[in-house]
Amino acid sequence: MVPAFRRSSVGTFIRQQPLTSSGSSSVDSNRGSKTLTQAPRLDYRSMVSVEDMPGLFVSFDKLIPRPARSCEDPPLYLRLRTGRPKDKKIPRSTPIMSYGKKKLRPEYWFSVPRNRVDDLYRFIHAWVPNLYGELDENYWRERGYILSDTDTDLSPELTPQESGESGESTEEGKARNQDGDEISELTRESWEVLSMSEELRRALYANSAVSLDNDIIVPDLVGTTEILSDEHREHLCRHLPARAEGYLWTLVFSTSQHGFSLNSMYRKMGKIESPILLVIEDTEGNVFGALTSCALHVSDHFYGTGESLLFRFTPRFQAFNWTGDNLYFIKGNNESLAIGAGDGKFGLWLDGDLYQGRTQSCSTYGNEPLAPHEDFVVKTLECWAFI
């Protein structure tokens, strides 16, 4: 009788059948079964050798961690303090840099190699100089923020009653749920990593901080403008997303050339893959508009990214960037176009004839009305792409 072998993942068990004096197993002829004359003997043999996996047989002394060594060129550290709006919860759908956690730490520390410190310092002073340096708690407290001393919970999506947005329209409520579900599938830092990498590239490869802040190269126009002056364009160049820098400004729609029709504007942008600069001059001579992260189109829900912003030139140039409070960037249908929303108000709203419009303060961009009066009449509207 040949012994039966059963193999496991780590070794081999050998179960040997007892043999009779004649060299075979004894069998009960009446029952036709084997008669065991003694208990089975088990033998275990290892299938792993030193040659197969030497790491398993390393000396114990080598497994003990070595003591830490001092760094010859230690890095510097960047400290980031966090805060939150006073008397307001932070919804989980807000894409803040919480590293996928459910809590926001009161502070974060980043190690910076010494050979990159100057580049990082130049970048910070070029783009967010007001956020660097000694912390003025009174300044931020006056703006409605308090510093976090403990971990801050990222709350679930708030109901309109909890968030104070009881006046929010039904469409905006649906959009909140849809956008909340979409953003929950992403890591909390996704949009910031993309955005920061682009901005960091601009800063690190610039010749100097002066070139970033003062020596603005204004690209040529492909098309004729009836609104933008050189001064207007220079201001706007400072706020373009990195992927729009260096490209020609190409006129894709103008009410003077293509008529006052929102649907015509949609059609002109049907094949455009670029941020869009929408500029309006009203009948009172005020110039304002929006920079959208993508071409404008009909959609059942809000779309766009945090690259979008609103701007105005009256009484002086101001750009209103995304606040992070919601994701109501752009929404358009055949009857109207809205850019920025919250509390039942729109940052910029245009009717289907591109004739009448409205501008209000909205939580998406934290903007003031873009024109002296909320309701305005469009004199000229132009849309520029960066291609």
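Buried means under 20% relative accessible area, exposed means over 50%, and partly exposed lies in between (1.4 Å probe, protein chains only). Helices (H or I, at least four residues) and strands (E, at least two) are DSSP runs, numbered from the N terminus. The model is predicted: local features need pLDDT of at least 70, side-chain atom pairs count only at pLDDT 80 or more, and totals for chains, interfaces and linings use all residues. Residues are numbered from 1 along each chain as its sequence is written, and side-chain values use heavy atoms, with hydrogens and water left out.

**View A. Helix H8 and its buried face.** H8 spans residues 230–237, with His-232, Arg-233, Leu-236 and Cys-237 buried. Seen down the axis of H8, the buried residues fall within an arc of 130 degrees (taken from the directions from the helix axis to the C-beta atoms), so they line one face of the helix. Asp-230 and Glu-231, on the other side of H8, are exposed. The cover over the buried residues comes from contacts (heavy atoms within 4.5 Å) that include strands E12 (221–222), E13 (249–254), E14, E15 and E16.

View B. E15 covers residues 287–292, and six of its six residues are buried. Val-287, Gly-289 and Leu-291 are buried on one side, and Phe-288, Ala-290 and Thr-292 on the other. Two strands pair if DSSP finds at least two bridges between them. E14 (residues 276–282) pairs with E15 in the antiparallel sense, over six bridges. In that pairing, Leu-278 stands opposite Ala-290. E16 (residues 309–312) also runs antiparallel to E15, joined by four bridges. Here Phe-288 stands opposite Arg-312.

**View C. The hairpin of E14 and E15.** Four residues lie between the two strands. Gly-285 takes a positive phi near 90 degrees in this hairpin.

**View D. The largest nonpolar core.** A nonpolar core is a set of buried Ala, Val, Leu, Ile, Met, Phe, Trp, Tyr and Cys residues joined through side-chain atoms within 4.5 Å. The largest has 35 residues, and Leu-348 and Leu-381 touch the most other members. E13, helix H10 (262–268), E14, E15, E19 (336–342), E20 (345–351) and E22 (375–386) each give two or more residues to this core. E22 gives the most, with five residues. Apart from this core lies another, of 18 residues, among them Ile-227, Val-279, Leu-309 and Phe-311.

**View E. Around Leu-381.** Residues up to four places away in sequence are not counted here. Leu-381 touches residues including Phe-253, Met-265, Leu-278, Ile-280 and Leu-350. Leu-354 is also one of its contacts.

View F. Most residues other than glycine have a negative phi, and most peptide bonds are trans. The peptide bond from Thr-314 to Pro-315 is cis, with omega near 0 degrees. Pro-315 sits in the loop between E16 and E17 (318–321). Asp-343 is not a glycine, yet its phi is positive, near 60 degrees. Asp-343 belongs to the loop between E19 and E20, and is partly exposed at a relative accessible area of 40%. Leu-354 is not a glycine either, and has a positive phi of about 50 degrees. The loop between E20 and E21 (356–358) holds Leu-354. Leu-354 counts as buried, at 0% relative accessibility.
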